[in-house]
Amino acid sequence: MADVLAVLKANRTKIWVGAVTLLLVFYLVVSLQRSVLLLGDPNPVAKALGLAYLVLPVVGAWALVRELLFGARTEQLAKILEAEGGLPEDTLPRTPAGRIIREAADREFVKYQAETEAAPEDWRSWFRLSCAYDAAGDRKRARAAMRDAVRLFRTGSRGA
């Protein structure tokens, strides 16, 4: 029983991603089914709504696949960095609620920004910069930096 709990705890994020993915797929299937029903209606307004409603599952499926691939590629890079001993250590001080103290994250950020400026073609520096952005609370730039890391890794700019 303890082994099962340990596995569940270790894979908590993957379990949540799977559950949310299943819910989204269910929603997309229902949306697709509803759009087909509306397209089969003889009323031209219903047909127009069915056609417009058909866009939702297409866009939703595209976004789902894109996000799942992004997560898988990010995990792949993290495993490589972990094996190399290159993951940034989480030594930042935290509040009693567990949140990273922003000023400390901002001071640490400068180090990773300089590393990326010195090696702009190394995916590892972009990965670590993404972690620094995330710790500083800038999720938008963290995702952008991680996308750069994934792009550099996939195009062969794998650094030293």
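Tutor: Let's start with terms: a helix is a DSSP run of H or I with at least four residues, a strand is a run of E with at least two, and elements are numbered from the N terminus. Read that way, the elements of the protein run α-α-α-α-α-α from the N terminus on. The tally is six helices and zero strands.

Student: What should I keep in mind about where these values come from?

Tutor: This is a predicted model, in which local features need pLDDT of at least 70, side-chain atom pairs count only at pLDDT 80 or more, and totals for chains, interfaces and linings use all residues. Residues are numbered from 1 along each chain as its sequence is written, and side-chain values use heavy atoms, with hydrogens and water left out.

Student: How does the radius of gyration of the protein stand against that of a compact globule of 160 residues?

Tutor: The radius is taken over C-alpha atoms, and the globule rule is 2.2 Å times the number of residues to the power 0.38. A compact globule of 160 residues would come out near 15 Å, but the protein has 21 Å. Along the principal axes, its C-alpha atoms fill a box of roughly 65 × 45 × 30 Å.

Student: Why is α3 called roughly perpendicular to α6?

Tutor: Two packed helices are described by the angle between their axes and the distance between the axes. The axes of α3 (residues 44–84) and α6 (residues 139–154) come within 10 Å and cross at roughly 70°. Angles under 35 degrees count as roughly parallel, over 145 as roughly antiparallel, 65 to 115 as roughly perpendicular and the rest as oblique, so this pair is roughly perpendicular.

Student: Which residues make that contact?

Tutor: Contact means heavy atoms within 4.5 Å. On the α3 side, the residues include R66, F70 and L77, and on the α6 side they include R143, M146 and F153.

Student: What makes S31 count as buried?

Tutor: Buried means under 20% relative accessible area, exposed over 50%, and partly exposed in between, with a 1.4 Å probe and protein chains only. S31 has 1%, so it is buried. It lies in helix α2 (residues 12–39) and touches Y53 and P57, not counting residues up to four places away in sequence.

Student: How do you know whether L24 is buried or partly exposed?

Tutor: Its relative accessible area is 30%, so L24 is partly exposed. L24 is also in α2, and beyond four places in sequence it touches G60 and L64.

Student: Why is L64 put in its accessibility class?

Tutor: L64 has 15% relative accessibility, so it counts as buried. L64 lies in α3, and apart from neighbours within four places in sequence it contacts T21, L24 and V25.

Student: What makes A132 buried?

Tutor: A132 has a relative accessible area of 8%, and therefore it is buried. This residue sits in helix α5 (residues 123–135). Leaving aside neighbours within four places in sequence, A132 is in contact with F109 and Y112. A132 and P88 are 44 residues apart in sequence but 8.7 Å apart in space, C-alpha to C-alpha.

How values were computed. Axes are lines fitted to C-alpha atoms, for helices over the stretch in contact, and angles run from 0 to 180 degrees between N-to-C directions.
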